[in-house]
Amino acid sequence: MGLLSAGTPLCWDDTKKVADHIRAHGITQFLHIWDRLKDKNGDELLWGDEIEYMVVSLDNDSKNAKLSLRQTEILSKLNSIVDNISSGIDDAIAIPTFHPEYGRYMLESTPGSPFTGSISDLLAVEKNMRYRRTLARKHLKPNEIPLTLTSFPRLGSPGQFTEPYYNPSDAVSSHSLFLPEQITNPHARFPTLTANIRRRRGSKVAINLPIFFDEKTPRPFIDPTIPWSRSIYPEDSEAKNGAALPDHIYMDAMGFGMGCCCLQLTYQACNVNDARRLYDGLIPIGPIMLALTAGSPIWRGYLSDVDCRWNVVAGSVDDRTEEERGLKVQPLQHDRFRIPKSRYDSVDLYISEDWRNRPEYNDQPVVIDHCIYSRLRQHGLDDLLSKHIAHLFIRDPLVVFSEIIDQNDKESNDHFENIQSTNWQTLRFKPPPPKSPIGWRVEFRSMEVQITDYENAAYAVFITLLSRAILSFNLNFYIPISKVDENMSRAQGRGASQSAKFYFRKQVCPNGNTPKSSGSSSPVNGFRTKNRKMRNCFPPPELPENGVPKGPVEEEYEEMTIDEIMNGKGESNPGLLSLIWAYIDTLDVSPQELSKIHGYLDLIRRRANGSLLTPATWIRNFVRAHPAYAHDSVVTQEMNYDLIVAIDEIERGVRSVPDLLPENYTGGEVDGGSISP
């Protein structure tokens, strides 16, 4: 969740005064990193995951599941436990770490050290995830559970949804009608971020998700739970003045978005050029994985007509003014740019200098700071990377601590990260930190977190292997950015993984030569050397002998189902899973390892073809089948309690759900994970 600096945060008016200073010095810091490390080469594959949990307190007597606001206490205990474990074991064994997140009910966990490219590390991710959850669960109260659930279904609903209860009337940072101040992490960064987004924007954020119309849902739907007449803060009238749309679920605070949980993966590349290639290669994959991991159909106690968090989070941090959003027709008077998207949204620009990256793919206007762009170009950076950085830096800093305004730009990257880390996009291109051996990295950010560690590990393994296939086989997934944006919109719809079609490239392999899998990953008669470790350095794609193709871009892609994208469509498009199996065929993998990989990839295959449900569809079906459901789109306290209990039982393996998980799934109650090699 960005920088957690200590100090005195500036209010918005004072932050605005130093915005140019932060941007200018942020670019200086980036250029110092660039000069030192642009030629850094040969870094091995290091990668890791970030998983976010919500801690839920179960009240069995009142049948209420509530968010436990004990983050500070829980983290203090967990960090102490981690320190004790670390002091008593071999230094070669890394203990997972836990971190604070935006919501005071949230925990973030990461491996204690990055995974490498070894097959054993690839297959250790699940037991590491399980260990983290088990460790957290052991040090919670008996009635508390750590859930990997994208959104809490009754966050912001009437009644008590937190433990302890707090009244939304004291929401001094967000001025929310629904969320109390105490929902937010108390570190100064978070309430300041919340307040400064509201002040910069000139109003509260306004998030509207379409309601799911069931048999008895009122038409039109006008939410009776909105306190329309409240008059505590100046923005309280916004809902009745048009911010809350009919037939929609209205939300008005950062906490609704940044209080969501997700699964993110970060990969160290061999060098900056490979990082840029991987970044571009994964951009079209982002919407596909969002739809395939969909897990959030319920918001503020209502069934919505969407399955994913993305637009909620985008709206929750949308700090653009009316001028920047294009709501005022006159020329800009107070702001520098008209900005089409929130600072949390899909990627706007391919950045690789790969010859396959045709200018036609970057078909959307990209707003840039021309002064910063010129400065970067004059320093020797190429056009695309200069545009990428200059596009990020159209944004203002949102949180500035007075004690660190003036920095040593050769030794710090805080000002650069101030802007970089508050551009939350589907992918993040990450320069090396100063004074660190870490290399150029790519972070994959679109996926929703899954209910079980088995699922989360399966998606981590899938993306990791796909990243290797992209670089190893020089796969080409380029489609116009406008089509990626359209895919992001489609991905969030109800049942999109089965009902929607997505733009995808017809021919992804060089010259149409599809790599084939032999079905075996062990060396055959010594004919070909196979690797026990996934490579990280690859030669760039070779130019075709007959030159760069110049056919119409529109003929390069078509609409496909996720089943076709994953499992194949004809000879020219073998499907992502076949390409991954072909890559696995280049590795020396034992039968036992191959069996485990097969289990993970089979989960992806079945989610793609619909024989297993997404978490969002399973949750929606659970609610609609609940005996207390009135077919009016309302998710009551009792229904939410039963849903949360069921999700915990699924994770622990005491409830069988063959429509969601493979029948041989083993839960956390039997397998608590391990960090041993």
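Me: Is C371 buried or exposed?

Reply: This is a predicted model, in which local features need pLDDT of at least 70, side-chain atom pairs count only at pLDDT 80 or more, and totals for chains, interfaces and linings use all residues. Residues are numbered from 1 along each chain as its sequence is written, and side-chain values use heavy atoms, leaving out hydrogens and water. Buried means under 20% relative accessible area, exposed over 50%, and partly exposed in between, with a 1.4 Å probe and protein chains only. C371 has a relative accessible area of 65%, so this cysteine is exposed.

Me: Which cysteines form a disulfide?

Reply: A disulfide here is a pair of cysteine sulfur atoms within 2.5 Å. A search of the whole structure finds one. Its sulfur atoms are 2.1 Å apart, and they belong to C270 and C537.

Me: How many residues apart in sequence are the parts that this pair ties together?

Reply: Helices (H or I, at least four residues) and strands (E, at least two) are DSSP runs, numbered from the N terminus. C270 sits in the loop between β9 (263-268) and α9 (272-282), while C537 sits in the loop between β16 (502-505) and β17 (557-560). The pair therefore links parts separated in sequence by 267 residues.

Me: Is C537 buried or partly exposed?

Reply: C270, its partner in the disulfide, has 3% relative accessibility and counts as buried. For C537 the value is 32%. That makes C537 partly exposed.

Me: What is the radius of gyration of the protein?

Reply: The protein has 22 helices and 17 strands. The radius is taken over C-alpha atoms, and the globule rule is 2.2 Å times the number of residues to the power 0.38. For 677 residues the rule gives 26 Å, and the protein comes close to that, so it is as compact as a globular protein of that length, with a radius of 24 Å.
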